[in-house]
Amino acid sequence: MNLPLVTIVLTTVVVVVKNHECKDYDLSASDQSLIDMMKHYLHTSRKEESSYHASKPADTGVTYVHWGKKSCPKGAGIVYTGQVGGTHYTIKGGGVNYLCLPGDPENGLHQSYGNAQVYGSEYELGSSYKPSGWSESMNNKEVPCAVCYKKHRSTVLMIPGRKTCYKGWTSEYQGYLLSSHANSFKKDFACVDRNAEPLDNKNGSENGALFYALRTKCGSLRCPPYSNEADLLCVVCTK
């Protein structure tokens, strides 16, 4: 039954009764039954509506990966921290996505067959191929990550080519867009924090799923508004 319609009907009945010329007006059985029915409906409808709002979870939110950092941005909780992994850059098959592997894994049983596909990840940096402001000292060091949880949000969006979010969105972190080398097998794009850090102080070229800085290339990419051979910025936003 439509609640606004019920309210109108009930109000009409009451007004008719109150405005009746006879002070000793007696409601008929059908009038009283209608009023009682309307009162009951309004009472139960309000209870159901209150119960619905009370049952909605108050701690809904979204998760995202903070690539290149061991912690989460201010205001977000840590689900877990670990290191970035993925398929070796020379392997044709397997997944193209980078993985945020937890630092406290629950390992499966050892197997003898050969299909090793999950390696660690390293920064690949040099004087001519590193994001602006990054130190070459991070070259060949493993990449950390953290999975973060932001309460009271319903969606998360990574925007390539920007360092600020659009109106109505909240910035979680800014960074540089990184991926595999142009001559390697394909990998996803990842927004790595502009203040990226190494996983630890170990320094050895063990390769794996590598992170290279990217540059824009004008042509099919319109310049302006883009600039040729520039760092590609990125920002992770929530709403």
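Which side chain meets that of Lys 202 in a salt bridge? I looked it up and found Glu 206, at 3.2 Å from N to O.

**Ground rules.** I am working on a predicted model, where local features need pLDDT of at least 70, side-chain atom pairs count only at pLDDT 80 or more, and totals for chains, interfaces and linings use all residues. Residues are numbered from 1 along each chain as its sequence is written, and side-chain values use heavy atoms, with hydrogens and water left out.

**Salt bridges.** I noted the rule: a side-chain nitrogen of Lys or Arg within 4 Å of a carboxyl oxygen of Asp or Glu. My search of the whole structure gave three salt bridges. For the pair above, I looked up exposure: buried means under 20% relative accessible area, exposed over 50%, and partly exposed in between (1.4 Å probe, protein chains only). Lys 202 is partly exposed, with a relative accessible area of 48%. Glu 206 is partly exposed too, at 46%.

I then checked Glu 172 and Lys 150, whose side chains meet in a salt bridge at 2.8 Å, N to O. This pair links distant parts of the chain, with Glu 172 in strand E7 and Lys 150 in strand E5, 22 residues apart. Strands (E, at least two residues) and helices (H or I, at least four) are DSSP runs, numbered from the N terminus. Both Glu 172 and Lys 150 are buried.

**Aromatic rings.** I used this rule: rings of Phe, Tyr and Trp (its six-membered ring) pair if their centres lie within 6.5 Å; planes under 30 degrees apart count as stacked, over 60 as edge-to-face and the rest as tilted. The count by this rule is six aromatic pairs. I recorded Tyr 123 and Trp 134 as edge-to-face, with 5.8 Å centre to centre and 85° between the planes. Tyr 123 is in strand E4 (residues 119-124), while Trp 134 is in the loop between E4 and strand E5 (144-151). Tyr 123 is buried, at 0% relative accessible area, and Trp 134 counts as buried at 5%. I also found Trp 67, Tyr 98 and Phe 211 linked into a cluster by ring pairs.

**Thr 87.** I located Thr 87 in the loop between strand E2 (77-86) and strand E3 (99-102). Is Thr 87 buried or exposed? I read a relative accessible area of 5%, so Thr 87 is buried. Its side chain reaches the backbone oxygen of Gly 95 at 3.0 Å.

Definitions and conventions
Polar contact = N/O pair within 3.5 Å; in protein donor to acceptor, adjacent residues only side chain to side chain.
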